[in-house]
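Here is a short briefing to read alongside the sequence and the 3D view. Have both open, and let's walk through the model together.

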Amino acid sequence: MNILEYGSSFSSSSTWEIHGAGGWATMVAVLVIILWHLGRLIFSARFRSSSNSTPTSLSASAVNPQFRISEIVGDADLKTLIDNLDEKLNLNERWDNVVDKRNNFVSYNAKCCKPKDGPLKYVSVTVFENCSTEMLRDLYMDNDYRKQWDKMVLEHEQLQVDESNGTEIGRTIKKLPLLTPREYVLAWRLWEGKDKTFYCFIKECEHPLASRQKRYVRVSFFRSGWRIRKVPGRNACEIKMVHQEDAGLNVEMAKLAFAKGIWSYVCKMDNALRKYSAIHNSQQGSAVSAITLIQKVPPGLETINSRESLSHLETSAASGQGNKRKFSRRPSKKLVANGLLLLGVFCLSRGHPPLGANVAMAYILKKLTKRGATPSQSGQS
């Protein structure tokens, strides 16, 4: 019997026939039960409202004494990140060049591979002209400012900070075109190395204040990290990033979307960086975060790199124009086929069945033509 049934029964005068002390005792017992249920409902409502509120800064023991975040991101993760950035762990992986773009203010180069036991792995190098490493670090870590220039970010909240080692946990909601928004619950930590070099490692985690919701898709695998350092002999900074993420997308579609959209995103970030320098000092506060609790790189862990990423940028600058002309003149067959399939799916979803069917048929015919032409081509060879 729920609380409404209790109320309706109590309001019906014909139900209650009070005869002496026994009737009054029954009435008192029912009142006690009703008050107990009301108190439990009020307490649970207050608990839900308090758990849904956004905390400004929580220490490691404020949420749950049993929930420790100091062990989520450690120095072992930093060592793996440095090895990945120096590409010591990529010897047996086959890499494909994805993007190589530049303008007068920023340059971007990215490659990717498909590991056997995980999602696509990207390694990218971005060089921003006329900025300091501290400024670039603060831009990357300023999630409130990111909501202003990154239109994919719908929400962000800080969940917890461990003041003993600087680990921070946050929750972010990102929107994707035509798809369910993705939910990220991540833990990250910052280190400072030699010559104002900064490292950051980020990974997925769970947290008591971030319960799963049906309206979002929780990203189950997320490993990302970067290194920011000065470019020798220039007033510029380089950020090299290693990124792996499983957001529940088709591998080829995710790769195609990345190749088509990442340069526009980098240009937006560069514009945000130029504006950020004017408001940077005014936005700095006393809030506890991974930046205010940044740690030093343990002795002996940071290696002297041979500046391979910078030499790669110089090499790609010489051949970049020729590669862009070649790609624009003859796009790959696989890219065209995937584009046809994506267009067909889009037309079908938008209520154009004939057009969608024709495009999909073109995709199938292209596949069949390719298979039929393979024996004759090999014979000619």
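**Aromatic pairs and the model at a glance**

A search of the whole structure turns up five aromatic pairs; rings of Phe, Tyr and Trp (its six-membered ring) pair if their centres lie within 6.5 Å, with planes under 30 degrees apart counted as stacked, over 60 as edge-to-face and the rest as tilted. Please keep in mind that this is a predicted model: local features need pLDDT of at least 70, side-chain atom pairs count only at pLDDT 80 or more, and totals for chains, interfaces and linings use all residues. Residues are numbered from 1 along each chain as its sequence is written, and side-chain values use heavy atoms, leaving out hydrogens and water.

**Two of the aromatic pairs**

- Tyr 122 and Phe 258 make a tilted pair, at 4.2 Å centre to centre and with 40° between the planes.
- This pair links distant parts of the chain, since Tyr 122 sits in strand 3 and Phe 258 in helix 6, 136 residues apart; helices (H or I, at least four residues) and strands (E, at least two) are DSSP runs, numbered from the N terminus.
- Tyr 122 is buried, with a relative accessible area of 11%; buried means under 20% relative accessible area, exposed over 50%, and partly exposed in between (1.4 Å probe, protein chains only).
- Tyr 184 and Phe 222 form an edge-to-face pair, at 5.7 Å centre to centre and 85° between the planes.
- Tyr 184 belongs to strand 6 and Phe 222 to strand 9 (residues 221–230), so the pair ties together parts that are 38 residues apart in sequence.
- Both partners are buried: Tyr 184 has a relative accessible area of 7%, and Phe 222 has 8% relative accessibility.

**Nonpolar cores**

- The largest nonpolar core has 39 residues, and Tyr 108, Phe 128, Leu 136, Leu 139 and Trp 226 have the most contacts inside it; such a core is a set of buried Ala, Val, Leu, Ile, Met, Phe, Trp, Tyr and Cys residues joined through side-chain atoms within 4.5 Å.
- Helix 6 (residues 251–283) gives the most to this core, with eight residues.
- A second, separate core of 22 residues includes Ile 69, Leu 85, Ile 169 and Val 242.
- In soluble globular proteins, nonpolar side chains tend to be buried together.

**Helix 4 and Leu 139**

- Helix 4 (residues 133–141) is mostly covered, with eight of its nine residues buried.
- Among the buried residues of helix 4 are Arg 137, Asp 138 and Leu 139.
- Leaving aside residues up to four places away in sequence, Leu 139 touches Tyr 145, Arg 146, Trp 149, Met 269, Ala 272, Leu 273 and Tyr 276; contact means heavy atoms within 4.5 Å.

**Loop residues with positive phi**

- Asn 130, in the loop between strand 3 (121–129) and helix 4, has a phi near 55°, a positive value in a residue other than glycine.
- Asn 130 is exposed, with a relative accessible area of 52%.
- Leu 178, in the loop between strand 5 (167–176) and strand 6 (179–192), has a positive phi of about 65° although it is not a glycine.
- Leu 178 counts as exposed at 62% relative accessibility.

**The chain as a whole**

- The protein chain has nine helices and 11 strands.
- Of its 381 residues, 39% count as buried.
- Among contacts between residues at least 6 apart in sequence, 64% join residues at least 24 apart.
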